[in-house]
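Try each task before reading its solution.

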Amino acid sequence: MVVHSAAERVLAGLDPEQRSAVTAPAGPVCVLAGAGTGKTRAVTSRIAYRALSGEISARHVLAVTFTARAAAELRSRLTGFGVPGVQARTFHAAALRQVRYFAPRLLEGRAMPELLDSKVRLVTLAAAKVGLRADRAAARDLAGEIEWAKSSLVEPGEYVVAAAKALRDTPHEPAKVAEVFAAYERTKRANGVIDFEDMLRAAVWGIEEHPDVAEQVRGQYRHLVVDEYQDVNPLQQRLLEAWLGGRDDLTVVGDASQTIYSFTGASSSYLVDFPRRYRTATVVRLVRDYRSTPQVVGLANAVISQARGTEARLRLELVGQRPAGPEPDLRIFTDEPAEAAAVAARCRAMIDAGTPAREIAVLFRTNAQSEAYEKALTEAEVPYLVQGAERFFERVEVRQAMVALRAATRSIPGETPPPVAVREALAAVGWAPDAPPPGGAARERWEALAALVQLAEEYAATGEVTLIGEAAAIERPVTLADFNEELARRAAQQHVPTVDGVTLASLHSAKGLEWDAVFLVGLSEGTLPTTYARTVEQVEEERRLLYVGVTRARQWLWLSYATARSPGGRARRPSRFLPQLDRSGGAERAGGAAAARRAGGEARRNRVISCRICGATLLAGPDRKLGRCPTCPSDLDEELYERLREWRVRVAGAQKVPSYVVFTDATLTALAERRPGRVEDLIAIAGIGPRKLGLYGESVLALVRGATVDDVCSQKSFEIQP
């Protein structure tokens with residue numbers, strides 16, 4: 001009874017769809033989970049519910065993910081449920097653990113080969129052996145192509161045909177890549193090392209070719225869970241099938257609309273075909289989005305609603321669960337430097353208004369776009385970090401700091417609180433707890449070390465270390481040595497601390513993350529979709545990439561593009577994936593084009609109106625009337641605004657119409673801000689056409705010049721119905 005009540009508590013707070021996923025019967029279960037719908041909660045709750053109800057034993061569960069961070073999150077949540085013992089690992093970590101364990105048996109006493117951290121060095125040597133000179137960038141491209149081939153179960157002799165069939169955009173002529181691939185395999189064997197794909201293959205081979213190993217592995221792992229199943233490649237699927245051995249106690253979680261890694265060999269076909277592969281499968285759809293505001297969710301749905309192809313069969317329409325928030329901000333700029341400067345200025349304003357820098361992200365299609373934003377943020381004195389540029393614990397300054405921290409355990413008294421000890425130790429490597437230095441790179445280094453100090457403060461706040469003695473438990477305060485152990489554990493798991501800076505990241509590296517405010521920049525044809533997207537399938541993956549970007553935002557979303565790369569450069573069009581923009585670069589209300597088509601006409605191409613303060617093209621109706629972005633400073637003449645309001649009330653009363661029929665609040669605000677002095681100035685304000693100009697133009701100009709409402713209304717009759 002105690003166990004069952006604990007299991008019931010797991011269900012508390014779950015929505016109906018999550019509950020269906022958690023309580024689904026043993027056997028194949030497919031959870032189609034949209035962005036922000038609580039898939040991690042559903043997965044961990046399902047494991048915990050089954051374990052606490054006595055249906056399964058936690059130690060017989062293997063949950064595989066694609067990142068060490070996701071695996072750590074699974075373990076943490078399961079421990080919180082009171083269900084320790086579940087093996088939650090990445091595919092590579094799970095395979096490495098098994099290969100190492102069975103190595104004495106599989107290798108007949110020989111030492112296990114060393115595992116390569118990176119292919120680049122050996123690929124460079126292999127390229128040279130076949131007469132191809134490759135710098136570091138070229139070697140990385142070749143290494144990526146070899147990884148695709150090996151993940152797709154393609155051998156060197158099969159590469160040319162396979163690459164042609166997959167329409168690969170190869171870094172060199174396919175036959176030459178195949179030569180490098182073959183030379184790489186020979187070089188690897190000669191050096192007695194293996195790569196990550198070899199290690200996965202070794203795990204498969206160990207199970208498929210050794211019945212005793214298969215029996216032991218399958219006896220240990222009887223219930224399998226796979227997160228982000230849309231990202232599985234053929235080699236990983238082969239390993240999963242080896243683990244299963246024909247059994248079907250398998251829970252997979254994924255979202256076909258977030259399939260964005262096909263260039264690495266990932267295939268959503270395993271997720272799409274799951275119900276056909278397992279005829280008795282339970283399929284649950286999670287569509288309640290708890291991450292983003294309804295406005296962000298609405299844009300995400302609009303982007304993905306136009307999707308076509310295989311993945312679109314499993315498209316989910318999300319339903320926002322959060323309170324309403326601001327509409328997505330859509331901007332057009334004359335060139336990329338102007339776009340970057342505006343983004344940096346907005347980041348600065350948000351931080352000054354209280355938004356933590358770590359809750360802001362600038363996302364782009366390619367890493368090459370990062371430079372302009374690094375420069376603009378530096379000039380605006382906004383701290384930032386580049387996601388994926390270099391692993392936190394591999395940064396030179398972080399490695400030096402960890403050495404200094406280990407050395408400090410011998411010179412700093414043991415009772416010194418970790419935050420104090422860390423500050424003293426970092427002083428030895430030149431860090432000071434004052435304002436960060438100017439300059440992007442210097443500031444990044446300072447922020448990285450500041451993150452270690454913050455981590456020490458958080459660690460010290462956790463309390464005390466419990467030691468189990470012979471007689472009783474003894475508690476003592478945490479020390480610098482304890483903190484060093486914590487750092488070593490985090491480094492091994494790549495569990496990085498949060499650096500307080502705006503995140504700059506490619507859309508690919510942003511998957512799985514979320515921020516309060518997200519800037520999606522460079523949304524022009526040729527960039528998103530990239531010019532390399534030539535087939536329908538490739539274009540659709542680019543659409544999904546934008547969808548992933550949109551769904552990273554919790555509260556505030558900015559989308560922008562520049563009409564030229566540089567001042568005076570060649571004109572560009574907005575991305576075809578933006579439903580709010582027409583093909584001319586003008587603006588239209590969401591749904592306006594569809595409404596026009598239904599009426600048998602064409603959507604109107606709106607006049608381009610720019611913000612008179614920052615120069616951005618204005619897309620939203622109220623912003624166009626104001627003549628400025630809602631976030632740009634107002635120069636409202638409050639006295640004039642009140643006279644205009646009083647005048648509007650009298651006119652509306654005389655005409656027996658609602659006040660907004662005369663002029664909307666937005667138009668009055670625009671008049672009080674811009675204070676037009678001529679008829680031409682009035683016409684420039686959106687919402688004032690020829691008819692209203694004739695009816696009200698003379699009165700408005702008189703009010704702007706200082707006339708009283710009584711004077712204006714006594715001189716003109718407004719009995720004509722507008």
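**Exercise 1.** Is the crossing of helix 5 and helix 11 right-handed or left-handed?

*Solution.* This is a predicted model. Start with the general idea: two packed helices are described by the angle between their axes and the distance between those axes. Next, find helix 5 (residues 91-106) and helix 11 (residues 211-220). Their axes come within 11 Å and cross at roughly 150°. Angles over 145 degrees count as roughly antiparallel, so helix 5 is roughly antiparallel to helix 11. Helix 5 makes the contact with Gln98, Tyr101, Phe102, Arg105 and Leu106. Helix 11 brings Asp212, Val213, Gln216 and Val217. Finally, the handedness: helix 5 and helix 11 cross in a right-handed way.

**Exercise 2.** Find the strands that pair with strand 2.

*Solution.* Locate strand 2 at residues 61-65. Take strand 6 (residues 223-226): four bridges join it to strand 2, and the two run parallel. Here Ala63 stands opposite Val225. Now take strand 3 (residues 87-90). Strand 3 also runs parallel to strand 2, joined by four bridges. In this pair, Leu62 faces Gln87.

**Exercise 3.** Which way do the residues of strand 2 point?

*Solution.* Val61, Ala63 and Thr65 point one way. Leu62 and Val64 point the other way. Now check the burial: five of the five residues in strand 2 are buried. Strand 2 is thus mostly covered.

Key: Residues numbered from 1 in each chain as written. Predicted model: local features only at pLDDT ≥ 70, side-chain atom pairs only at ≥ 80, totals over all residues. Heavy atoms only, no water. Buried < 20%, exposed > 50% of the residue type's maximum accessible area, 1.4 Å probe, protein only. Pairing = 2+ DSSP bridges. Axes fitted to C-alpha atoms, helices over the stretch in contact; angles between N-to-C directions. Parallel < 35°, antiparallel > 145°, perpendicular 65-115°, else oblique. Left-handed = near helix turned anticlockwise from the far one by under 90°. Contact = heavy atoms within 4.5 Å.
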